[in-house]
Amino acid sequence: MNTKILQNNSENIKLVASTIKKGGIAAFFTETVYGLGANALNTDAIKKIYQIKGRPSDNPLIIHLDCVSKIKKYAHVTDIAKKVIDNFMPGAVTIVLNKKDIIPLEATGGLDSVAIRVVKSSLAKELIYECGMPICAPSANTSTRPSPTQAQHVLDDLNGKIEYILDGGSCEIGLESSVLDCRGERVVLLRHGGVGIEEIEKIAGKVAEYKFDGGAALSPGQKYKHYSPKAKIVYFEHGDNKKLEELKKSSINHKVVMGLDADDYARQLFSIFRDADKDGIDVIICELAIEKGIGKAINNRIKKAAYGN
């Protein structure tokens with residue numbers, strides 16, 4: 001199979017939608033990262049996603065919808081979830097709710113809860129509408145690798161494993177969505193992402209942060225090493241130039257990543273990781289972002305990528 005990159009037009013959107021409706025798998029652009037799409041109601045198609053990515057089957061997937069009105073068809077919407085939906089959807093926020101029976105357990109890692117995101121990208125929205133069904137769409141990469149923010153990144157990882165990549169250019173946000181458990185009376189943050197916790201607290205009140213300590217993962221990005229290039233990742237606190245110099249002395253073949261605006265850092269982070277691998281870099285030295293807004297998500301990804309180093 002030769003994987004084809006398709007340009008964003010109505011004909012190609014229909015072609016990719018047809019592939020997904022028939023139980024196939026295709027990658028597509030979203031505002032966060034590229035997703036690997038399958039019919040979320042088709043258990044055989046869902047299993048293909050896990051096989052293609054090399055992803056453990058207990059790592060839950062996120063269900064993508066084209067409009068907020070469809071959420072209640074697939075999950076039990078709570079009062080706190082309504083606040084999040086009204087203020088942050090569509091966009092880079094995923095909510096975890098108790099699922100309805102229509103969603104198979106294969107899509108949820110065996111859990112009775114389901115993670116749902118409503119896409120903002122017009123391309124992704126049109127594709128899901130054309131499919132006429134919810135779409136499972138984890139990041140379109142080999143499991144544990146940096147998430148793809150360009151069509152070429154998908155091709156680098158999955159060439160020959162899927163038919164099509166629907167190209168929308170470079171992703172505007174560059175990091176995955178924030179994941180919020182909205183099943184109770186209070187929002188619990190499961191994963192930092194494209195919307196800062198400070199913005200969420202303005203709407204939903206004080207947010208608790210879930211600390212994963214083993215067992216079943218409630219959200220992608222919790223249980224396993226993620227986002228890792230081949231190069232070793234090391235990091236230093238924002239502005240700690242003394243530590244930077246120490247890290248630089250410890251490796252000859254290194255790349256230093258620092259001084260970026262937070263939004264630019266988020267957009268570029270995974271591309272930086274992948275480009276370093278192509279350049280044969282041994283060590284990537286990352287300055288952590290200031291711990292606010294999307295900076296918290298940037299630091300989460302850097303630390304996850306460095307895990308075990």
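This is a predicted model: local features need pLDDT of at least 70, side-chain atom pairs count only at pLDDT 80 or more; totals for chains, interfaces and linings use all residues.
Residues are numbered from 1 along each chain as its sequence is written, and side-chain values use heavy atoms, with hydrogens and water left out.

View 1. Helices (H or I, at least four residues) and strands (E, at least two) are DSSP runs, numbered from the N terminus. Thr78 has a relative accessible area of 18% and is buried (buried means under 20% relative accessible area, exposed over 50%, partly exposed in between; 1.4 Å probe, protein chains only). The side chain of Thr78 reaches the backbone oxygen of Cys182 at 2.6 Å and the backbone nitrogen of Ala81 at 3.1 Å. Not counting residues up to four places away in sequence, Thr78 touches Leu97, Cys182, Arg183 and Gly184 (contact means heavy atoms within 4.5 Å).

**View 2. Strand β7 and its partner strands β4 and β6.** In β7 (residues 113–118), 6 of the 6 residues are buried. In a regular strand the side chains alternate between the two faces of the sheet. Here Ser113, Ala115 and Arg117 on one side are buried, as are Val114, Ile116 and Val118 on the other. Strand β4 (residues 62–65) runs parallel to β7 and is joined to it by 4 bridges; two strands pair if DSSP finds at least two bridges between them. Leu65 has Val118 of β7 as its bridge partner. Strand β6 (residues 93–99) runs antiparallel to β7, with 5 bridges, and Thr94 is partnered by Arg117.

**View 3. Leu166 in strand β9 (residues 164–166).** Leu166 is buried, at 0% relative accessible area. Ile13 is 153 residues from Leu166 in sequence, yet the C-alpha atoms are 7.4 Å apart. Leaving aside neighbours within four places in sequence, the contacts of Leu166 include Ile13, Val16, Phe29, Tyr34 and Leu127.

**View 4. Aromatic pairs.** Rings of Phe, Tyr and Trp (its six-membered ring) pair if their centres lie within 6.5 Å; planes under 30 degrees apart count as stacked, over 60 as edge-to-face and the rest as tilted. The count by this rule is 3 aromatic pairs. The ring centres of Phe29 and Tyr34 are 5.7 Å apart and the planes stand at 80°, so this pair is edge-to-face. Phe29 is buried at 6% relative accessible area, and Tyr34 is buried at 0%. Phe270 and Phe273 are also an edge-to-face pair, 6.4 Å centre to centre with 65° between the planes. These two residues lie 3 residues apart in helix α9 (residues 262–278), about one helical turn, and both are buried. Ring pairs link Tyr227, Phe270 and Phe273 into a cluster.

**View 5. An open sheet of 3 strands in the order β13-β15-β14.** The pairing is parallel. β13 (232–236) and β14 (254–257) stand at the edges with a single partner strand each, so one side of each is left without a neighbour in the sheet. The twist averages 20° from one strand to the next. β13 and strand β15 (residues 283–287) share 5 bridges, and Phe236 has Glu287 of β15 as its bridge partner. Helix α8 (residues 241–249) lies across β13, β14 and β15, at about 155° to β13 (axes are lines fitted to C-alpha atoms, for helices over the stretch in contact, and angles run from 0 to 180 degrees between N-to-C directions). Helix α9 also lies across β13, β14 and β15, at about 165° to β15.

Technical notes: A polar contact is a pair of N or O atoms within 3.5 Å; within protein, one must be able to donate a hydrogen and the other to accept it, and residues adjacent in sequence count only if both atoms are side-chain atoms.
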